[in-house]
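Me: Please present the structure, so that its salt bridges and sheet can be discussed in turn.

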Amino acid sequence: MKKFLILSLCGLLFGIAPSFASTELNESEPIGVFKTQQQKQRYINSIGFRILNANKIKQRMNFIYSSKKTINAFSTHVGRSITIYHGIIAYTDSEDEIAAILSHEISHSIDSYQGIFRGTFSNLPHLFVPRKYERKADKRGVDFMVNAGYNPVAMIVMMNKVFPQDRYEFLSTHPLASRRMAYVYEYIYTKYPQYLKNNIYQDNIYYQNFLLTSQDNRRKLQKKIESKSDKRVRYD
Amino acid sequence: MIRILLAAIILAGLPCFANNEYSPELFRDELVETTLKNVSDIYPAPNLNYNYDDSEIKGGAEVPLVHYKPLKMRDHLVETTLKDVSGEYPEANLVYDYSNIRFVPLKIRFLEHITTKKTNNFEGQIVKFVVTEDIFDGKTKLLSGGTYGTARIETLMARGAMGEPADIIISKFDVEGLDKKKIDGLIVRRGANLALLAGALKYSIGTVFPGTGYLFMLIKGGQAKIKTDEIFELKYLP
């Protein structure tokens, strides 16, 4: 009888354990296949360091995977560490999309090396006028993705999924999400048009939504192209 | 005796709990029941095969942009203006070997003045430069001075308030006779970063004379300039 009880308890325990594991992560997400913190960290490292090496980025930086549910990723100017939270990774559907986040943050980290005293004060313009640096990081992020063999259209897909749409940007640290996506689209259009011509994200539901919501902005870009103007388009 | 009494109380109380079962009467929508008698129960078919065909974008004509056709949304801008563009993706730099640290200096000078001031310079612009000195790999001459090459302005960021400096980043160097993949380097030119000065003045004087600190926010950072007589050194990894 005792043996039966012990066996039953063991069976219950082993039966329950996988159910906890499966609730920890969504299997549909790319990082979901990895169970331990170490595996997830390795996966983030493999993408991050691939971008660094492929782009010959000589500034040192490292990547930290955090299991927090915060929907964010950031780079620190002090330690040049790039932290990516599980909350934002849960939004990704492909490695390209994780690469988009990391490429953007790598660009910020590179900026932290510029200026006097090894970039000690490089953070100040980022604090005072952050939006310009966000645009810069987006564009450089596209370059980094392409050189590392990732599809830059994933950056638009990722932005469309994650970023909220503010009313005005003048009080915000980041540009309007629609504006950011339009600038990234324009950058890809002018520099890497192959990715739009042969667009593997064409049928992606988030990209379709971007096409729907960016009609006015793309109309502005079309006017710019037709008039062969070099002026910066003010997207909405 | 006490046990019998307790049992009797419990048994007597059970029907009370049974009667207290929560079963509210459902509210009915009389408006629907009376006015929608003849309406079918079948739900309309979902519109999953949508097409917001933006082919009407061209010309900005006042036409409805939403057409419901069994097609996916297409990018008219790409379809019309990128007809001649190859769909082949650029080659990624994934086969690298950074074990070799030997390099040959490649000195260049731009043929035009590049600045963030109001000029004709823009992002994506291809600028020309000239190689100023002969390039030797040991005793082998790889390239003679005076050879022209091209580069691309990747970033051209205007200066801003609160001492924010302007920024120029140039890359994608290409010189005839050299393997462009072996050219290593990036030209980054930044204007004077006056953010510290502007911040210090804003908070120090602004604290002593309240309200005046905001004036120092108008301090702009320096312009970034690249003059035609400046020589930049890149690395060529033979």
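**Salt bridges and sheet**

Reply: Across all chains, a search of the whole structure finds 28 salt bridges, a salt bridge being a side-chain nitrogen of Lys or Arg within 4 Å of a carboxyl oxygen of Asp or Glu. This is a predicted model, in which local features need pLDDT of at least 70 and side-chain atom pairs count only at pLDDT 80 or more, while totals for chains, interfaces and linings use all residues; side-chain values use heavy atoms, with hydrogens and water left out. Residues are numbered from 1 along each chain as its sequence is written, chains are lettered from A and ligands numbered from 1 in the order in which they are written.

Me: Which helices of chain A hold A:Arg140 and A:Asp111, and how many residues apart in sequence are the parts that the pair ties together?

Reply: The side chains of A:Arg140 and A:Asp111 meet in a salt bridge at 2.9 Å, N to O. A:Arg140 lies in helix α7 (residues 130-147) and A:Asp111 in helix α4 (residues 95-111), both of chain A, so the pair ties together parts 29 residues apart in sequence. Helices (H or I, at least four residues) and strands (E, at least two) are DSSP runs, numbered from the N terminus.

Me: Is A:Asp111 buried or exposed, and what is its relative accessible area?

Reply: Buried means under 20% relative accessible area, exposed over 50%, and partly exposed in between (1.4 Å probe, protein chains only). A:Arg140 counts as buried at 8% relative accessibility. A:Asp111 is buried as well, with a relative accessible area of 1%.

Me: Which residues are linked with A:Arg140 in a network of salt bridges?

Reply: Side chains of opposite charge can pair when their charged atoms come close. The network of salt bridges links A:Arg140 with A:Asp111, A:Lys136, B:Asp167 and B:Arg190.

Me: Which strands of chain B are the edge strands?

Reply: In chain B, seven strands form an open, antiparallel sheet in the order β8-β11-β1-β3-β6-β7-β9, where two strands pair if DSSP finds at least two bridges between them. Each edge strand pairs on one side only, and these strands are β8 (183-184) and β9 (187-190).

Me: How many bridges join strand β6 of chain B to strand β7 of chain B?

Reply: Strands β6 (residues 148-157) and β7 (residues 167-175) of chain B run antiparallel. B:Thr155 has B:Ile169 in β7(B) as its bridge partner. The number of bridges joining β6 to β7 of chain B is seven.
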